[in-house]
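I'd like to walk you through the salt bridges and then the nonpolar core, so let me put the model up.

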Amino acid sequence: MNKRSQWVSGLGFLLATAGAAIGLGNLWKFPYLMGRNGGFLFLIVYLIFVVLLGVPMMIVEMGIGRYTQQDAVMSFRKLGKGRAGFIGAMGVLSSFLILSYYSVIAGWILKYIVSYATTFHAPADFAAYTATTWEPIVWHLLFMAITAFVCYKGTQGIEKASKLMMPGLFLLLILVIARSVTLPGAGEGLAFIFTPGESAFSFSAVNAALGQVFYSLSLAMGITVTYGSYLSKEQNIPTTCLRVAGLDTLAAVLAGVAIFPAVFALGLAPNQGAGLIFSTLPQVFDQIGGGALFAVLFFVLMLFAALTSTIALLETVVAYCVDSLGMNRAKAVALMAILIALLGVPVSLSFGILGDFTILGFNFYEFIGVLTDNLLLPLGALFTCVYVGWIWGPKTLLGEIETAGNTFRWKRVWVFCIRFLTPVLIAVVTIGGLGTILGAILG
């Protein structure tokens with residue numbers, strides 16, 4: 001049996017868990033979702049869903065992990081006497097699939113850092129670069145190798161990396177913000193974030209905010225269960241979850257403050273989708289003094305955010321191999337990293353030579369995203385709430401949360417959320433996701 005490690009310190013656990021949540025979902029996806037869905041109103045709705053859905057689910061997952069001291073699959077098997085393991089398996093599969101495309105995007109970030117550091121400019125054409133065959137794959141493989149190296153070191157390696165990268169991430173964000181908000185006309189970008197105005201807000205924006213809570217807080221991916229399984233009994237789970245959610249939301253808002261003032265100052269559109277980071281912002285950096293330096297800082301902070309998340313995704317899959325399959329850590333890290341890297345190859349090629357290859361109307365990259373974001377994650381979260389709230393029951397989990405003299409003042413509210421409110425919100429995401437898939441099949 002592999003001896004189970006634990007986090008060395010409460011701060012290390014907090015930073016590692018926050019790092020798992022703070023990723024491209026905050027610095028890449030959240031800003032462009034705000035841009036597409038009306039800015040301020042989207043932010044308010046998102047914050048409400050963090051409280052009503054995100055934090056209750058995090059408490060459930062972290063509590064299950066610490067109670068069982070097992071990987072995500074074995075945790076649910078233990079709760080359900082073998083019957084509920086499929087819930088954890090959905091999370092592990094989600095982490096495996098998400099990491100395959102997450103690493104490709106992170107490889108683009110590595111390319112941009114090197115490009116700015118050597119030529120003082122971004123690649124001339126983002127779409128043309130991602131459509132090339134070999135170079136994006138090389139950067140993807142390099143990034144996966146870095147992720148595997150940190151994960152190989154176990155909780156101590158993850159903790160050390162998080163203690164370095166998380167403070168560095170916020171420091172770099174502040175430096176970029178300091179430049180962005182001092183540009184002439186930057187106030188319009190701040191108003192876009194923090195004041196109501198003419199908006200593209202709609203029901204689809206509500207659904208986007210719900211879905212973003214899953215992506216941003218790494219819910220139903222097995223990550224929080226896995227990290228919770230390394231947690232000591234003395235740590236206060238509800239307090240930790242609130243802090244993680246707070247840091248995660250702060251990073252998302254700061255990312256908006258770093259990006260939108262510069263975008264508006266130079267008269268660019270805020271609703272450019274994924275291209276906001278890789279196409280629009282390079283235009284900003286090209287037009288400001290010291291732009292290349294701030295571009296390097298910005299993409300390094302993006303790299304930190306990506307790496308802390310990919311480490312968590314790989315650790316979730318590795319923990320399953322170690323706990324459920326009995327593999328040693330070195331073999332598990334090597335095998336899973338290689339398999340995920342190989343899956344990432346057709347993901348990368350879907351922007352180029354495999355662009356016309358589709359599954360249910362989606363290219364390979366889009367299909368994996370739809371499968372995880374619209375199906376596996378919301379269904380996994382829904383099954384978790386139903387199982388914990390109504391079948392296994394929250395009583396034992398409450399006992400785990402309140403061990404070592406910890407108190408949970410909002411436990412009645414939490415139980416109500418898990419049994420009633422949170423499942424309803426998750427059902428909305430699930431129905432919306434199924435609608436997206438059905439629409440693609442029919443249309």
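Before any counting, the rule: I call something a salt bridge when a side-chain nitrogen of Lys or Arg is within 4 Å of a carboxyl oxygen of Asp or Glu. Keep in mind that this is a predicted model, where local features need pLDDT of at least 70, side-chain atom pairs count only at pLDDT 80 or more, and totals for chains, interfaces and linings use all residues. Residues are numbered from 1 along each chain as its sequence is written, and side-chain values use heavy atoms, with hydrogens and water left out.

So, how many salt bridges does that rule give? Six.

Let's take Lys111 and Glu135, whose closest N and O atoms are 2.7 Å apart. Lys111 sits in helix 5 (residues 85–119) and Glu135 in helix 7 (residues 135–152), so this bridge ties together parts 24 residues apart in sequence. Helices here are DSSP runs of H or I, at least four residues long, numbered from the N terminus.

Buried or exposed? For that I use relative accessible area with a 1.4 Å probe and protein chains only: under 20% is buried, over 50% is exposed, and in between is partly exposed. Lys111 comes out at 17%, so it counts as buried, while Glu135, at 33%, is partly exposed.

Next up, Glu400 and Lys233, which meet at 2.9 Å, N to O. This one links distant parts of the chain, 167 residues apart: Glu400 is in helix 17 (residues 395–401), and Lys233 is in the loop between helix 11 (223–228) and helix 12 (237–265). Glu400 is buried at 5%, whereas Lys233 is partly exposed at 33%.

Then there's Lys411 with Glu402, closest N and O atoms 3.5 Å apart. Lys411 is partly exposed at 32%, and Glu402 is partly exposed too, at 27%. And back to Glu400: through shared partners, salt bridges join Arg66, Lys233 and Glu400 into one network.

Now the core, meaning buried Ala, Val, Leu, Ile, Met, Phe, Trp, Tyr and Cys residues joined through side-chain atoms within 4.5 Å. The largest one has 162 residues, and the members touching the most others are Trp28, Phe278, Phe298, Phe299 and Trp414. Helix 14 (residues 291–323) supplies the largest share of this core, 20 residues.

What does Trp414 touch, leaving out residues up to four places away in sequence? With contact meaning heavy atoms within 4.5 Å, its partners include Pro56, Ile59, Val60, Pro394 and Phe408. Leu397, Leu398 and Ile401 are on that list as well.

Key
Helices (H or I, at least four residues) and strands (E, at least two) are DSSP runs, numbered from the N terminus.
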